[in-house]
Amino acid sequence: MRHTTAWYVLRRLRLAMSQREEQYLLNGEVDGDDMFVGGVSPGRPGRSTHKVPCLIAVSLDKHSCPKYMRVTPVDGWDQFEVTRRVLDMVDVNATLKTDGMGGFNDLSEMGYTHIRTISARLGEDEYFSPVLHTQIANLKAQIQGTYHRRSGPQREQHPPRGSSTCIARSTIVSTERHRTPTTSCRITLARCTTVKHPPNPEVSMFHDIPSAILERMHELERRDEIDRTDGTPRLDRLRQIPEETGRFIALWAASAPDGAMIEIGTSAGYSALWLSLACRAKERTLTTFEVLAKKAAIARQTFSQAGVGHLITLVEGDFLDHVDGIGAVGFCFLDAEKEAYAACYDSVVPRLVPGGLLVADNAINHRETLQPMIDAALEDERVDALVVPIGKGELVCRRRT
Ligand SMILES: C[S@@+](CC[C@H](N)C(=O)[O-])C[C@H]1O[C@@H](n2cnc3c(N)ncnc32)[C@H](O)[C@@H]1O
């Protein structure tokens, strides 16, 4: 195997691992802090420029012992960045204990019970939580133990970009799910595929749609058209979005911030195929919810035939029964029964990360039924919203930062 192939496989494995971990949020009592890891040489401790800034969160059991830990690299310490990274790791119903760093200022506004320990006596390398202190020390020791500098020709060949950031981040991945020797805390690390300089350019969404996706799209378009004219009962009809809406939601999904990408109302998977183009471009995955078993079966066939099974998770069941497991949401496409819209909106908006997007279909062709929900969205101060006259009318809501 050539080293480029090995790097490709490694990248896919990291992506799969980080996406799996993104499904789990820490809950209950959680301690959180900022820290720095990595660096090419021992250097000075703390905020050296060669180190990668990270957020760490550890959930505690009833004896205040560590249960699960998550760590994520961050792009800075401003409130927006810190809040969205915390939302990625910690359930909004958690009780979150942090120090007084300014980046944590917005957490109670997001719904967390936020306890801050501010002490002038704490120095830069001291931690307000002994549990965190131990876990951070363990983590740093493990990273040192798993990073081995290369020398000679191998060194020239291996790292995708020779920056300390890449070295530190790839090192983090290699400690994935490592069981710490001193405690029973399981380390779960996510988001490690988010590097500042992605080695590969983004795949185009609309210029090179794979033929397997195009073929299934065309097949479903023909089926949907027949459905609408041949008297097929309403519940059996595919009731898909038109192509222009597909392109519209793919663009929004690709522009959404980090966080789960979800769809409510899969039907046969036509709109999910459009969203899969955003998944390909952004190296992300979609979770789509379908309540009817018959439709879910067709959707499964769609995803397998179009070759996008690795990008889409289909959840069979009522979205409202699964809402607690979805975590922080970066993008949501809502296209379910109109009677469920208000409840879906109320469940999704509090979970949107800052800048997160909710796009709801049928805002014009079902305006009468949806009017109360649309009015509520337009008045909702948590979001900026607009109805866009494309397809059947799309309500677009963006969560304020
Ligand atoms: C209009 S169709 C979706 C069409 C699909 N988005 C597309 O464009 O290809 C609505 C689908 O939502 C499903 N649905 C309705 N309420 C739901 C809910 N609460 N949870 C999950 N699925 C739901 C219905 O069974 C139906 O298949």
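Which residues of the largest nonpolar core touch the most other members? The model is predicted, and in it this core has 89 residues, of which Ile 56, Leu 275, Val 329 and Leu 358 touch the most other members. Helix H8 gives the largest share of the core, eight residues. Domain 1 (3–189) and domain 2 (211–399) each supply at least three residues to this core. As a general point, nonpolar side chains in soluble globular proteins tend to be buried together.

Beyond its neighbours within four places in sequence, Leu 358 is in contact with Cys 332, Leu 334, Tyr 345, Val 348, Val 349, Leu 352 and Cys 397.

The protein as a whole has twelve helices and 13 strands. Of its 401 residues, 40% are buried. When contacts between residues at least 6 apart in sequence are considered, 68% join residues at least 24 apart.

Helix H2, residues 79–89, is mostly covered, with eight of its eleven residues buried. Among them are the charged residues Arg 84, Arg 85 and Asp 88, and Val 82, Thr 83, Val 86, Leu 87 and Met 89 are buried as well.

The ligand has 20 residues around it, and Gly 265, Ser 267, Tyr 270, Ser 271 and Ala 336 come nearest. Helix H8 (270–282), strand E8 (286–290) and helix H10 (319–322) are the elements that give two or more residues to this shell. Sorted by class, the shell holds ten nonpolar, four polar and six charged residues.

Terms used: Residues are numbered from 1 along each chain as its sequence is written. This is a predicted model: local features need pLDDT of at least 70, side-chain atom pairs count only at pLDDT 80 or more; totals for chains, interfaces and linings use all residues. A residue is near a molecule or strand if its C-beta atom, placed from the backbone, lies within 6 Å of it. Helices (H or I, at least four residues) and strands (E, at least two) are DSSP runs, numbered from the N terminus. A nonpolar core is a set of buried Ala, Val, Leu, Ile, Met, Phe, Trp, Tyr and Cys residues joined through C-beta atoms within 7 Å. A residue is buried if 20 or more other C-beta atoms lie within 10 Å of its own, exposed if 12 or fewer, and partly exposed in between; C-beta atoms are placed from the backbone. Domain bounds come from an automatic or database domain assignment. Two residues are in contact if their C-beta atoms, placed from the backbone, lie within 7 Å.
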